[in-house]
Amino acid sequence: MTAIHYWSVAETTKRLSCGDVSVQDVTEAQFARIAQINPQINAVTTVVDEALDIARALDKTGRPQDAGPLWGVPVTVKINVDHKGYANSNGVLANKNAIADADSPVVRNLKDAGAVIVARTSTPEFSMRWFTSNPIHGVSLNPWDHSITPGGSSGAAAAAVASGIGTIGHGNDLGGSLRYPAMCCGVATIRPSLGRIPAMNPTQSAAGIERGPFTQLMAVQGPIGRSIADVRAGLQVMSRGDVRDPLWVPASADRRDAGGPLTVGYAMNPFQGTLDPAIQRAMQTAIAGFKGTGAKLREISPPSAADLPDLWGTLMFTETEALARGAMEANASEEMWDYYQKFLGHFEPTDIAGLMRAMQRRIVVQRAWAAMFQEVDVLLLPTSLSRPFRNDQDFREPETLGEIVAAQSPLLAINVLGLPSAALPTHLDDGVPLGVQLVGPMHSDAFVLDAAERLELELGTLWQTLAKQEVKR
């Protein structure tokens with residue numbers, strides 16, 4: 001029998017509806033799991049003490065007839081979003097005691113849906129790395145192999161979900177921070193379309209600080225789960241509208257059926273980095289899996305794919321230099337400040353005219369990709385060009401940062417375009433999870449998840465393997 005902390009959304013809902021367990025039972029099982037496994041992976045920074053009171057209150061009122069999919073379901077949220085009564089440090093020591101006095105939209109949506117937030121998960125400083133460590137909470141570890149990164153910046157969220165802490169983990173994605181951790185930890189996620197989930201932090205807004213304009217165009221909030229079905233449930237709840245985000249976009253009315261005839265375009269490596277043979281095997285596994293479902297496969301060349309990572313860097317680092325450099329220099333750890341300057345060296349900030357040209361270029365490529373999706377339904381790409389890197393490799397081996405940046409080209413390309421992309425595992429390679437991402441047209445989030453689930457049903461999920469390994473240990 002599956003341990004309660006590994007129950008899916010559907011299993012938890014079924015058991016709660018039947019009266020087999022109470023919300024308090026489910027929540028207490030989560031607290032027990034955190035006490036058992038978090039000392040090994042250091043993913044959770046804070047246990048949400050009021051979770052048990054919330055669980056008891058839900059049990060007292062009972063499940064509403066119109067309850068959503070996460071009613072009574074345990075979830076985690078990342079420490080870079082406002083959660084009333086808790087610090088939004090963003091991994092920065094100077095913000096260690098920056099207690100939020102209101103909830104961000106994504107936290108409010110989870111609470112309003114009856115989800116039980118059991119814990120908050122770590123992030124790197126400024127949520128700016130593909131690794132997860134910071135001066136406040138230390139290093140988060142990958143439950144499959146402590147020597148490799150759990151990913152970043154939502155690496156702790158992915159490590160927690162993979163380990164049975166939270167059925168859904170909240171994360172965000174500006175440069176692959178949902179999809180890369182999902183690959184590293186063998187779980188699933190979606191980087192939703194731009195505007196799909198409302199985003200803002202009341203503490204920043206009250207201080208007159210807003211996210212930069214290019215961050216707003218490329219960053220999203222999203223769910224991490226152990227299956228596509230769980231990710232879908234998380235997206236449904238997180239994406240409820242909130243007037244505090246004027247960029248919010250409601251779900252598309254287009255509900256095409258990905259279970260019917262499906263044309264999957266694929267590109268092994270349309271980028272400038274070197275493709276790891278292990279990642280090539282992941283792509284081949286996914287291609288074979290789709291063929292097994294009866295889908296039609298078509299090798300294509302996504303327009304201007306090789307140029308997109310540099311376009312991301314131009315927009316991101318021009319903004320960061322203009323709006324955030326002073327705060328970073330004042331508040332970053334010495335390691336982080338050195339990293340930022342080296343990271344900056346791989347991209348080229350520009351002037352106002354350069355920014356205008358970059359934005360022109362972006363819309364031209366977005367249009368070309370929209371036309372590409374008239375020929376294929378979804379696009380299969382590597383999540384990263386490399387198997388997971390050694391943990392904190394960017395800090396410990398700074399001479400390899402160029403290799404790391406180049407490997408993440410498939411992540412950056414999708415962020416600059418703002419498209420929905422589901423990431424899911426394909427297999428274990430020498431005990432290490434690998435996976436792929438599946439990209440779709442703008443606002444086709446539901447269709448992308450349906451197509452990803454079609455592949456998942458063919459390949460299976462990996463978390464059961466991790467659970468069995470824990471039993472053997």
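Biologist: How many cavities of 30 Å³ or more does the structure hold?

Modeller: General idea to begin with: rolling a probe the size of a water molecule over the atoms shows where empty space is left. On a 1 Å grid over the protein atoms alone, a cavity is a set of points where a 1.4 Å probe fits but cannot get out, while a pocket is an open set with protein on both sides within 12 Å along at least five of seven lines; lining residues have an atom within 4 Å of a point. The structure holds 1 cavity of 30 Å³ or more. One caution: this is a predicted model, where local features need pLDDT of at least 70 and side-chain atom pairs count only at pLDDT 80 or more, although totals for chains, interfaces and linings use all residues. Residues are numbered from 1 along each chain as its sequence is written, and side-chain values use heavy atoms, with hydrogens and water left out.

Biologist: How much space lies in the largest cavity, and which residues are closest to its centre?

Modeller: A volume is the space filled by probe spheres set on the grid points, which are joined across faces, edges and corners. For the largest cavity that comes to about 90 Å³. It has 14 lining residues, with Leu194, Gly195, Ile197, Ala219 and Asp245 closest to the centre. By class, the lining has 7 nonpolar, 4 polar and 3 charged residues. Ala, Val, Leu, Ile, Met, Phe, Trp, Tyr, Cys and Pro count as nonpolar, Asp, Glu, Lys and Arg as charged, and the others, Gly among them, as polar.

Biologist: How do I read a strand, say β8? Which of its residues point one way and which the other?

Modeller: In a regular strand the side chains alternate between the two faces of the sheet. In β8, Val220, Gly222 and Ile224 point one way, and Gln221, Pro223 and Gly225 point the other. Either way they're buried, where buried means under 20% relative accessible area, exposed over 50%, and partly exposed in between (1.4 Å probe, protein chains only).

Biologist: Which strands does β8 pair with?

Modeller: Two strands pair if DSSP finds at least two bridges between them. β6 and β8 are antiparallel over 6 bridges, with Gly171 partnered by Gly222. β7 (188-191) also pairs with β8 in the antiparallel sense, over 2 bridges, and Thr189 stands opposite Ile224. β7 is joined by 3 bridges to the antiparallel β12 (421-429) as well, where Ala422 faces Ile190.

Biologist: Which residues of helix α13 are buried?

Modeller: In α13 (334-344) they are Met336, Trp337, Tyr339, Tyr340, Phe343 and Leu344. They sit on the same side of α13 because they cover an arc of only 160° around the axis, the arc being that of the directions from the helix axis to the C-beta atoms. What covers them includes α11, α12, α15 (393-396) and α16 (401-407).

Biologist: Last one: is Leu379 buried or exposed?

Modeller: Buried, with a relative accessible area of 0%. Leu379 lies in β11 (378-382). Setting aside neighbours within four places in sequence, its contacts (heavy atoms within 4.5 Å) include Tyr266, Ile300, Trp369, Phe373 and Leu438. Leu379 and Pro441 are 62 residues apart in sequence and 9.2 Å apart in space, C-alpha to C-alpha.

Methods. Helix = DSSP H or I, 4+ residues; strand = E, 2+ residues; numbered from the N terminus.
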